[in-house]
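Thanks for coming. Please look at the structure on the screen, and I will walk you through it.

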2 protein chains.
Amino acid sequence: MKINENPNRDLWPSLTERPVRKAEDLDKIISAIFDEVQKKGDKALRAYTEQFDRVKLDDFRVNSAEIESAGDALSTALKEAIVLAKNNIEIFHASQLTGKNVVKTTVGVSCWQEMRPIEKVGLYIPGGTAPLFSTILMLGIPAKLAGCKEVVLCTPPNTKGSVDPAILYTAGLLGIESVYKVGGAQAIAAMTYGTASIPKVYKIFGPGNQFVTAAKQFALNKGVAIDMPAGPSELMVVADSNAKASFVASDLLSQAEHGADSQVICITDTVQKLEEIKRELSVQLANLPRKDTAQLAIDNSQFLVLESLQDRIDFINEYAPEHLILNVVDESLYLDKIINSGSVFIGPYTPESAGDYASGTNHTLPTNSYARMYSGVNMDAFTKKITFQKISREGIQQIGEAIELMAEAEGLQAHKNAVSLRLQDIKDNE
Amino acid sequence: MKINENPNRDLWPSLTERPVRKAEDLDKIISAIFDEVQKKGDKALRAYTEQFDRVKLDDFRVNSAEIESAGDALSTALKEAIVLAKNNIEIFHASQLTGKNVVKTTVGVSCWQEMRPIEKVGLYIPGGTAPLFSTILMLGIPAKLAGCKEVVLCTPPNTKGSVDPAILYTAGLLGIESVYKVGGAQAIAAMTYGTASIPKVYKIFGPGNQFVTAAKQFALNKGVAIDMPAGPSELMVVADSNAKASFVASDLLSQAEHGADSQVICITDTVQKLEEIKRELSVQLANLPRKDTAQLAIDNSQFLVLESLQDRIDFINEYAPEHLILNVVDESLYLDKIINSGSVFIGPYTPESAGDYASGTNHTLPTNSYARMYSGVNMDAFTKKITFQKISREGIQQIGEAIELMAEAEGLQAHKNAVSLRLQDIKDNE
């Protein structure tokens with residue numbers, strides 16, 4: 001735990017630094033996997049699956065009966081929880097769909113934008129000890145709402161060659177039928193190039209380990225879009241004197257349990273509050289099943305006392321946290337001034353966990369200071385906007401001369417001609 | 001000119017293919033330039049400017065007096081044309097700004113999104129024979145409307161060390177004060193790392209030659225965002241029997257004059273119309289100053305007769321054209337079914353030139369089939385969206401149990417605790 005009281009602004013760059021990942025080391029490995037998958041298709045996938053997931057698979061696709069019966073293995077309460085989360089996430093994401101808004105920029109000149117789905121998308125869901133079914137909700141719901149025609153889900157099999165039922169149940173609930181038991185960089189390569197089993201997609205979404213992250217970056221250079229570049233997860237909590245230390249500590253620990261490289265930042269306006277939170281942290285930490293992991297993240301965490309409101313706001317924007325909890329009495333002092341953050345949680349009863357699972361917002365968010373220029377996943381991520389325009393005779397008469405002059409000044413005579421010819425035609429037919 | 005009548009769908013993949021660019025060959029050159037600029041800053045920029053632009057510069061920044069007086073070198077008519085275009089582009093882009101829409105996903109759970117500017121953006125404007133001042137309008141107007149705090153413009157100097165007055169006038173008109181005489185990959189490297197003269201930015205926009213394009217891709221891998229990957233410009237015209245062949249030919253030529261690698265595609269529903277357009281093309285081509293360039297692009301162009309409406313629609317979506325002109329009587333047969341295109345121009349009096357300059361839509365658009373997953377530049381490109389949520393006591397009681405169950409099922413006990421603690425606290429204080 002690094003503690004700084006009102007640090008000089010010269011120190012801020014070091015306080016907002018993220019751990020440096022050595023992505024370059026993986027380049028050769030990733031490049032080799034992509035080459036193999038491009039050349040050998042499913043055969044390469046089978047070999048990698050045997051090598052990395054320690055299971056031999058003939059068929060990667062999960063059959064529909066398995067998806068349909070997956071719910072039998074889950075408690076009714078968990079299924080109800082997933083349905084509740086689904087409803088909230090649907091409501092919030094559906095509210096982001098925009099209709100067309102025709103704008104007359106000049107008499108006779110109508111312009112508008114329309115959203116269209118990205119037709120083929122790939123969702124990557126990591127395997128490992130815990131099944132991240134919540135991420136299927138976060139990616140699958142906007143994909144389906146957008147109207148993406150082909151939604152492909154890849155997730156690694158366990159050593160028995162199967163996939164956790166919570167993952168299959170959630171996929172089934174959303175109507176995702178193309179679920180493939182392929183993981184790692186080979187899954188990303190498969191969705192980039194397509195194989196006999198696995199369709200090529202236009203954009204790949206989802207979290208993953210360092211290999212998956214590097215593979216997505218590689219895919220980006222091969223012409224496939226990705227949701228956003230990835231880094232370790234982050235939470236910044238701003239707590240004023242009214243914040244309950246126990247609430248703040250629980251939020252910091254919910255971030256810390258993700259991994260030793262989780263970024264945990266706590267800002268208070270007094271030393272007293274910071275001390276209270278520290279005490280609560282050690283009490284709560286002792287009872288966590290993942291306490292060793294959480295302890296490592298807490299050891300690396302930043303605790304800051306920033307007495308000035310302006311400093312707190314500036315530090316938030318300088319750091320650009322993925323998650324920001326404002327556990328403060330008067331959030332209006334902050335909201336309009338927050339420029340760089342992925343998702344903001346306001347008040348004492350809004351833990352990050354709410355947005356991770358069930359409030360309705362998306363949990364796929366920009367880390368590593370990318371909140372400066374990237375949004376989290378939302379409906380924009382599964383769609384693109386096409387501009388349309390329709391110009392009448394009167395419209396081209398209004399703007400035609402300006403186009404002619406500008407085209408000529410840029411040395412583009414044919415651009416000018418396309419207008420001149422039309423203006424002449426209108427004159428001739430008057 | 002390649003002509004195909006109702007080609008079998010097996011042939012479509014070859015008909016929608018784009019020229020393959022060998023970007024890899026540039027990797028070493030670009031990597032060396034980035035290294036030099038990172039290490040030596042302005043000194044490296046001076047050396048590259050002398051080497052590539054054949055001019056020695058001490059100071060890269062265009063001084064404000066130069067910007068203020070630039071208009072003196074332009075005709076009043078051209079300045080008025082630029083102002084007309086500016087107004088239309090402003091109206092259309094301002095219409096894309098969205099306010100917040102607070103959604104109650106559950107009783108006591110409020111979620112919303114807000115747009116925020118990307119604080120630091122870099123605009124690259126190519127030099128060469130023609131000054132692309134229209135691109136400054138297309139990038140500078142949304143940057144200013146978004147409220148980007150730092151707008152940096154880089155453009156190569158000519159051999160006299162100066163910049164075309166139309167570029168400076170347009171920058172001045174938009175209030176862009178940070179104009180730097182640096183071009184090529186070194187300009188992109190400078191905006192990626194920052195130098196003593198040139199600020200580091202978060203996102204880089206703008207067209208350029210193969211070096212600039214490769215440098216932007218390199219910057220992307222160094223953590224800077226870019227507008228979109230680039231390729232040669234494209235126009236597809238769909239002309240029905242009512243379309244005037246002279247209008248269609250003029251549009252195809254306006255695309256062809258961009259360069260020999262410009263992609264020109266013309267689709268008609270009859271052989272007769274195709275023949276008419278061919279005849280008009282040769283008439284108009286003869287009179288163009290850039291006729292040699294245009295001839296090369298026309299030689300490589302695709303002409304298709306597709307008698308079935310469904311084929312025409314499917315071919316559009318399969319190709320995903322940057323620009324699509326629908327010179328047809330009844331556009332309603334098409335509009336809702338167009339999924340993949342950058343910008344659509346409807347009817348006989350809507351040439352692509354209109355959108356290139358003055359109708360109000362943006363001319364920075366996805367090429368190379370990237371319209372499948374990328375939008376053109378719009379207000380989204382200069383902003384990001386932050387999600388906000390505020391949950392009341394009642395709200396967390398509504399969704400708390402679902403969060404607890406899901407967190408537990410994902411093996412994240414501390415995520416569950418953050419909710420349990422709050423629910424217990426509410427009970428204790430009832």
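To compare copies, we superpose them by least squares on the C-alpha atoms of residues with pLDDT of at least 70 in both. Do that here, and a rotation of 180° with 0.0 Å of shift along its axis puts chain B on chain A, RMSD 0.0 Å. That is the relation of a two-fold axis.

A word on ground rules. This is a predicted model: local features need pLDDT of at least 70, side-chain atom pairs count only at pLDDT 80 or more, and totals for chains, interfaces and linings use all residues. Residues are numbered from 1 along each chain as its sequence is written, chains are lettered from A and ligands numbered from 1 in written order, and side-chain values use heavy atoms, without hydrogens and water.

Now the interface. How many residues does each chain bring to the contact? Chain B gives 119 and chain A gives 119, where contact means heavy atoms within 4.5 Å. Of the interface residues of chain B, 100% are also interface residues in chain A, so the copies meet through the same surface.

Next, salt bridges: a side-chain nitrogen of Lys or Arg within 4 Å of a carboxyl oxygen of Asp or Glu. There are 8 across the interface of chain B and chain A. One of them joins B:Asp251 to A:Arg422, 2.7 Å from N to O.

Last, cysteines. A disulfide is a pair of cysteine sulfur atoms within 2.5 Å. The whole structure has 0. Take B:Cys148: the closest cysteine sulfur, in B:Cys154, is 15 Å from its own, too far for a bond.
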